[in-house]
Amino acid sequence: LHRPLGMSVALRLGVSGLAYCMLAVWLHYKRWHVLFLAGAAWSGAALVFFSILFRMRRGSWVIGKCPQTGRVPLWSVLLWWPFHFANHFVMRSSRLFEKNAPATEVLPGWWVGGHFSSEVGVDWAGVVDLTVECTEHCKTRKYMLLPTWDGTAPSNTSITAAATFLNSCRKDGPVLVHCAFGKGRSVLILCAALVLGKYFPDVDSAFKHVKSKRSCAMQNTQLRVALNTWQDRLAASTSGH
């Protein structure tokens, strides 16, 4: 029911490899072998580097995404172009073939979605963005960046911060939490926010409701454990008072 951890990296490697095979033919025809070899070496090194970061679940800062605006800077695109190119291709392909809604309203004013949530055209009171590599395009009054690699869970502190942020912004209008595909990380944060806001008694009932509204919602083992751990700590802190 969920993509194995690292599948997006494998797709990026495959896409980059295919692109370079096509480029190699053209460069060979033009006799620009040195240029091709240099580009291929950097592409391989960059993708291996990001594969390692992905597996370690660290280093999201190397992309340089701005925490205030959510924009990926030009220097990052130029430096890490193999990663950005492959990622852009995978995102667009997913949008074309999977047919999931860009974003889904699971309760009045509570939305969850993917990178293309801006297509909904809502003026959000608050947005929580969990993507590392994608520039934010949603129109929002308040913005929180919580960069998290695909398929991995934020820390307990970050989950609480995001859930609190969403409940605060909801007083002023609709809110959105999104990751790349609107399936895992964003669903985790939304469930936590709905429990914190007392819309549901526990994360299991919150997830079942979200799943009923957005069928692609899923939780891999790491996400599920993180959400349950967050709930246990929330219950412990509440009972302590």
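How do the residues of the lining of the second largest cavity divide into nonpolar, polar and charged? They split into 6 nonpolar, 4 polar and 5 charged, where Ala, Val, Leu, Ile, Met, Phe, Trp, Tyr, Cys and Pro count as nonpolar, Asp, Glu, Lys and Arg as charged, and the others, Gly among them, as polar. Keep in mind that this is a predicted model: local features need pLDDT of at least 70, side-chain atom pairs count only at pLDDT 80 or more, and totals for chains, interfaces and linings use all residues. Residues are numbered from 1 along each chain as its sequence is written, and side-chain values use heavy atoms, with hydrogens and water left out.

- An open sheet of 5 strands runs in the order 1-2-5-3-4, with mixed pairing; two strands pair if DSSP finds at least two bridges between them.
- Its edge strands are strand 1 (103–107) and strand 4 (143–145), each pairing on one side only.
- Helices (H or I, at least four residues) and strands (E, at least two) are DSSP runs, numbered from the N terminus.
- Neighbouring strands here are turned by 20 degrees against each other on average, direction ignored; axes are lines fitted to C-alpha atoms, for helices over the stretch in contact, and angles run from 0 to 180 degrees between N-to-C directions.

**Around strand 2**

- Strand 1 and strand 2 run antiparallel and are joined by 4 bridges, one of which partners Glu105 with Trp111.
- The hairpin of these two strands has 2 residues between them, and Gly109 takes a positive phi near 85 degrees there.
- On to the other neighbour: strand 2 (residues 110–113) pairs with strand 5 (residues 175–178) in the parallel sense, over 4 bridges.
- Trp111 has Leu176 as its bridge partner in strand 5, while Val112 has Val177.
- Strand 2 is covered on both faces, with Trp110 and Val112 buried on one side and Trp111 and Gly113 buried on the other (buried means under 20% relative accessible area, exposed over 50%, partly exposed in between, with a 1.4 Å probe and protein chains only).

**Helices on the sheet**

- Helix 5 (residues 156–170) packs on the sheet and touches strand 2, strand 3 (126–129), strand 4 and strand 5, contact being heavy atoms within 4.5 Å.
- The direction of helix 5 makes about 160 degrees with that of strand 3.
- Helix 6 (residues 185–196) lies across strand 1, strand 2 and strand 5, at about 165 degrees to strand 2.

**Pocket and cavities**

- The largest pocket has a volume of about 310 Å³.
- Of its 15 lining residues, His88, His115, Glu133, Cys134 and Thr135 are the closest to its centre.
- Helix 4 (residues 81–97) gives the largest share of that lining, 5 residues, and the lining as a whole is 5 nonpolar, 7 polar and 3 charged.
- There are 3 cavities of 30 Å³ or more in the structure.
- The second largest cavity holds about 150 Å³ of space, and of the 15 residues lining it, Ser94, Arg95, Asn100, Phe116 and Phe181 are the closest to its centre.
- On a 1 Å grid over the protein atoms alone, a cavity is a set of points where a 1.4 Å probe fits but cannot get out, and a pocket is an open set with protein on both sides within 12 Å along at least five of seven lines; lining residues have an atom within 4 Å of a point.
- Grid points are joined across faces, edges and corners, and a volume is the space filled by probe spheres set on the points.
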